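Thanks for coming. I will take a few local features of one model in turn, with the terms spelled out as they come up.

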Amino acid sequence: RVHGTIQDQMKKKALKRGFEFNVMIVGESGMGKSTLLNTLFRSKVSRKSQQQPNIAVFIPKTTEIHSVSHVIEEQGVRLKLNLVDTPGFGDQVDNTNCWDTLIKHINDQYRKYLEEELSINRRKAIPDTRIHCCLYFIAPTGHNLKDLDIEFMKKLEKCVNIVPVLAKADTFTVEEREEFKSKIRSELQKQGINTYPMKHLDEDEEEIAINSSLRESMPFAVVGSDITHVVEGKPILGRKTKWGVVEIENRNHCEFTQLRDMLIRSHLRDMVEVTHSIHYENFRRRFLRESASS
């Protein structure tokens with residue numbers, strides 16, 4: 001019973017304090033990254049907490065790294081969701097080292113956290129701007145992954161949790177989509193790119209079962225839209241085509257809800273923990289070693 005009481009106290013404290021979760025969106029220009037941010041804000045899980053649900057959060061075309069914050073309250077739990085939008089890459093003739101700016105941004109957040117941790121008069125709760133998840137957008141080419149994507153993800157996996165996302169999934173038939181997803185999974189495995197959730201971190205049978213199913217679903221095939229259409233008398237978040245409306249929150253149409261549920265419901269705490277105990281720890285060790293030797 002004492003054990004239960006201690007657990008309850010810790011849980012109560014954590015819930016009272018709330019959670020902070022930082023997601024970065026990365027990919028080529030024209031992949032609908034900013035639209036997906038709008039979609040995350042306008043989808044059911046965040047509409048609950050908006051006082052004026054019909055006002056869209058406008059996110060302009062991204063020319064520099066910037067963050068948009070939104071507070072979600074669900075079942076008495078407060079979540080501050082920080083979405084970091086990044087400029088599309090791949091526009092230049094020479095895209096060598098186009099990842100440098102983003103990796104610097106990720107490492108800068110680790111450095112800030114470490115400086116606060118090492119401070120003599122550190123704050124009780126250190127503000128956490130560390131990137132807990134990177135949504136990596138893959139172009140719907142139907143072919144293999146581009147060399148640039150492989151190179152970029154190899155750099156990113158060393159410092160952040162990567163979740164691959166298949167952009168503009170409504171350009172495929174269901175069969176084409178599944179075939180392309182399967183190609184991407186094989187390519188990632190062949191290239192030794194570890195996406196989240198990492199296989200070697202699964203701790204028990206339940207986790208293995210849940211995470212294996214997630215890994216088999218990736219990359220999540222998404223369609224973004226922040227526009228509401230009326231379908232059979234109901235307001236539906238979707239994208240209108242000449243064949244009808246692609247419903248963003250309908251699992252038969254796209255996998256946006258699976259992505260959102262993983263981010264905000266089932267795996268949020270785990271991504272924060274993996275960031276702290278693995279990615280941040282690697283940075284901390286390297287930084288302190290380099291500081292000692294210089």
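Pro 219 sits in the loop between α7 and β6. Helices here are DSSP runs of H or I with at least four residues, strands are runs of E with at least two, and both are numbered from the N terminus. The peptide bond leading from Met 218 into Pro 219 is cis, with omega near -5 degrees. Another cis peptide bond links Tyr 196 to Pro 197, where omega is about -5 degrees. Pro 197 belongs to the loop between α6 and α7.

A word on the source: this is a predicted model, in which local features need pLDDT of at least 70 and side-chain atom pairs count only at pLDDT 80 or more, while totals for chains, interfaces and linings use all residues. Residues are numbered from 1 along each chain as its sequence is written, and side-chain values use heavy atoms, with hydrogens and water left out.

Back to the loop between α6 (174–190) and α7 (205–217), which also holds Asp 204. Asp 204 counts as partly exposed because its relative accessibility is 38%. On that scale, buried means under 20% relative accessible area, exposed means over 50%, and partly exposed is in between, with a 1.4 Å probe and protein chains only. Asp 204 gathers with Glu 203, Glu 205, Glu 206 and Glu 273 in a surface patch of negative charge. Patch members have over 30% relative accessible area and no salt bridge; like charges are joined within 9 Å, and nonpolar side chains (Val, Leu, Ile, Met, Phe, Trp, Tyr) within 5 Å. A salt bridge means a side-chain nitrogen of Lys or Arg within 4 Å of a carboxyl oxygen of Asp or Glu.

Next, the backbone angles. Which residues have a positive phi although they are not glycine? Lys 168 does, at about 45 degrees, and Glu 232 does, at about 50 degrees. Lys 168 is in the loop between β5 (162–166) and α6, and Glu 232 is in the loop between β7 (228–231) and β8 (234–241). Lys 168 is partly exposed because its relative accessibility is 38%, whereas Glu 232 is exposed, with a relative accessible area of 80%.

Last, the sheet. The order is β2-β3-β1-β4-β5-β6, an open sheet of 6 strands with mixed pairing. At its edges are β2 (66–74) and β6 (220–221), each pairing on one side only. Two strands pair if DSSP finds at least two bridges between them. β2 and β3 (residues 77–85) run antiparallel over 9 bridges, and Val 71 stands opposite Lys 80 in β3.

Terms used:
Accessible areas come from the Shrake-Rupley method with a 1.4 Å probe; for residues, only the protein chains shown count as cover. Lys and Arg count as positive and Asp and Glu as negative; His and the chain ends are not counted. The place of a charge is taken as NZ of Lys, CZ of Arg, CG of Asp or CD of Glu.
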